Every structure is written in structure tokens, then in C-alpha cells.
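Subject: Structure handover

Hello,

Here is the structure you are taking over. My notes on what was found in it follow below.

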Amino acid sequence: MNDAPLLEVRHLTRHFDDVAAVEDVSFQIKPGEIWGFIGPNGAGKTTTMRICATLDLPTKGDVLVNGISVLANPDNARGKIGFMPDALGTYADTTIEEYLDFFARACGLRGDMLAKRIQSVAEFTELGHLMGRMMDSLSKGMSQRLCLAKTLLHDPQLLILDEPASGLDPRARVDFRELIRALANQGKAVLISSHILSELSETCDGVIVIEKGRLVREGKVESLASNVSKNELLNLRCLAKTSDVEIALAEHPGVLKVRESEGSFVIEFDGDEKDIADLLKTLVNKNLSPVEFHWHRIDLEELFLSFTEGTLS
Ligand SMILES: Nc1ncnc2c1ncn2[C@@H]1O[C@H](COP(=O)(O)OP(=O)(O)OP(=O)(O)O)[C@@H](O)[C@H]1O
Ligand SMILES: [Mg+2]
């Protein structure tokens, strides 16, 4: 597979009067990769994505789509980009078929090719049996699939999806995730935004974390997790009083930091497996009744909090 990036964001900056919505953001996505674009409300995700999709212009910087600049050659770049906005517009008195037909024509498709592409995207998103349904009668899940179908009409190499899973129920989220993975397996590059972080952990090859317009972290999920702490993280819950457990932990060698929440502890620990076994032995000998004691697995939610507030690092 070609290893050149399909999306290359270079020092992207966008100011709205005195608001720095995006400030010097750079990242790349290669064919076949799915990258999560994570950040709280107002972080600059939609602004970045709209510029990548040729819908807005940067104050500084550039975006290359398969090597083509969206500034120098937007018409050429646009044909390679599928942008799914965070809301599907309302179209009264329009069926799914009419909606797809309209956008397929807007992409320049005609004749056999037009019919073939509409059939292909409808099948992929499992909307084939709903082609005659009016758009204003669709559920949220159907609307999102229709929006994705529209985005795929011109068979773009790069997909930019702005919060595609928001408002979907858990089953629909899993279905949507499978569609996105199938598209990446076809060699497309995918940038997908969300502020529901756990939603991205199983979908994405890597994450880009943005806050107040600035890129705070970027990398494969595993490598970000290993950067959070060089020490071991352990989970502990005991039946004994919280204050007694806290005292025992504070006295124990190797315990660097302790966070407690509703009687459960996350312990940052400097030591090997034998030292960890000694810690457990101490807790038992002091009659603190440990009922949970295991390695702590960092999830994306926690990673994100550690980057934006520095709680773990
Ligand atoms: N057209 C505009 N005019 C003025 N300010 C804007 C405009 N568009 C975005 N902003 C500002 O830029 C910042 C980034 O907004 P953006 O919509 O990119 O955030 P976001 O990460 O997509 O947030 P959300 O998670 O809420 O969708 C915000 O402070 C927003 O108010
Ligand atoms: Mg947004």
C-alpha cells in the first residue's frame, strides 16, 4: 500500500477576530488509517475539518489532500474528500432516493454511473429497502447512515467525519464503527471527531487531541498510554475504612501517588512484580481486606484527562 499521507495538515491556523479557533496544528493520516480527533466543546475540531474539506480558509498554514493543496487547488482536492458535517440538513418533501440522486448529480455523476453509485452506497449503508421513505420520517440512526451514504457517492479517498456517532444508540454505534472500519480496509483515510472518548478507543488507530485550538497530543493509542506514566498503575479496593488504607499506602515503600474515588484507589507504584506482591501481602497482614487488586488499564477517557489537566503525569 502507498505510504504517502492522504491528509497532511500543515501549521493550520484560523482566527475569528480575536478568537484563535485553531493555532499551528499539524498532523498526517495515511491510507487505511482511522484517526480520532478528540477535544472538548469549542476546541477547534469543526473549524479544522471545514478547512480540510475546502469549506473555509485558514488564516495561516495549508492542507494537502493526496499532495494537492486545498488552498491552491480546491476544486481538484474536493473530488478526493468526503465530508460528513455534524448535522444533516432538513429536506422536506424529499425521499432518500431523491436526496441521493440530487447529490450524485451535484458530484457530476450521470447515466449508468449515477445509478450504480447510488445503489452501491445504499447497499453499503443498508438503506436499499428505504429508498422511497421521506427524509423527515427517518430516525437518527437512519439519518446518520444516509449522511454517510451521501458522503461516499463520489467514492472519496479521504473521509472527514464530524461527530458521526453523536445521538446514536449503542447498537447503532457499533454498526457505524463497523462501516468506518470497512471503509478504512478499502484503503481510505478517515479523520473522525468526537468528545465521547471511549467511543473512539476501539475504532481508531491513533488519536489527535486538541484543546483551545492547540494540538496537545498526537500518536498511536498504545504509545500515548505508555507516555502517561513510567511507573506501574494499580487498582485497589478494600473492605477496611478508606482512611486506614490511605495510611497503610502512605507508609509503604514504592507508593508514589494515590488517587481515591468512592473507596477505590489508583496507585502509582515504583517497583517490580515482587514489590507489588509485597504490597498486597502488607494489605492482607494489616487486615485491610483487599477485594480488588489489579493492573490499571488506562482508557482514552483517562488519557484525555491526563493531557488536558495533567492529573496523571
Ligand atoms: N464562524 C465563526 N465565527 C466566530 N467564531 C467561531 C466561528 N466558528 C467557530 N468559532 C469559534 O472557534 C472556536 C472553535 O470552534 P469549533 O466549532 O471548531 O469547535 P469544536 O471543537 O468543533 O466544538 P464542538 O465539540 O462543540 O463541536 C470556538 O471558540 C468557536 O466559538
Ligand atoms: Mg464541532
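The domain bounds used here come from an automatic or database domain assignment. On that basis the chain, which is a predicted model, is divided into domain 1, residues 7–220, and domain 2, residues 229–309. Between the centres of domain 1 and domain 2, taken over C-alpha atoms, there are 41 Å.

The sheet

An open sheet is built from four strands in the order β12-β13-β11-β14, with antiparallel pairing. The edges are taken by β12 (255–261) and β14 (290–295); each has a single partner strand, so one side of each has no neighbour in the sheet. From one strand to the next, the twist averages 20°.

Strand β11, residues 232–238, runs antiparallel to β14 and is joined to β14 by five bridges. In this pairing R237 stands opposite E292 of β14.

Two helices pack on the sheet. Helix α9 (residues 242–251) touches β11, β12 and β13 (264–269), and the direction of α9 makes about 5° with that of β13. Helix α10 (residues 273–285) touches β11, β12, β13 and β14. The direction of α10 makes about 170° with that of β14.

Aromatic pairs

A search of the whole structure finds five aromatic pairs; two of them, from that search, are described here.

F27 and F37 form a tilted pair, with 5.7 Å centre to centre and 50° between the planes. F27 belongs to strand β2 (residues 19–29) and F37 to strand β3 (residues 34–38), so the pair ties together parts that are 10 residues apart in sequence. F27 has a relative accessible area of 3% and is buried; F37 is buried as well, at 0%.

Y91 and F103 form an edge-to-face pair, 6.3 Å centre to centre with 80° between the planes. Y91 sits in the loop between β6 (81–84) and α3 (96–106), while F103 is in helix α3, so this pair ties together parts that are 12 residues apart in sequence. Are these two residues buried or partly exposed? Y91 is partly exposed, with a relative accessible area of 32%, whereas F103 is buried, at 17%.

Y91 and F103 also belong to one aromatic cluster, together with Y99 and F102.

Regards

Terms used
Residues numbered from 1 in each chain as written. Chains lettered and ligands numbered in written order. Predicted model: local features only at pLDDT ≥ 70, side-chain atom pairs only at ≥ 80, totals over all residues. Heavy atoms only, no water. Pairing = 2+ DSSP bridges. Axes fitted to C-alpha atoms, helices over the stretch in contact; angles between N-to-C directions. Contact = heavy atoms within 4.5 Å. Phe/Tyr/Trp six-rings, centres within 6.5 Å; stacked < 30°, edge-to-face > 60°. Buried < 20%, exposed > 50% of the residue type's maximum accessible area, 1.4 Å probe, protein only.
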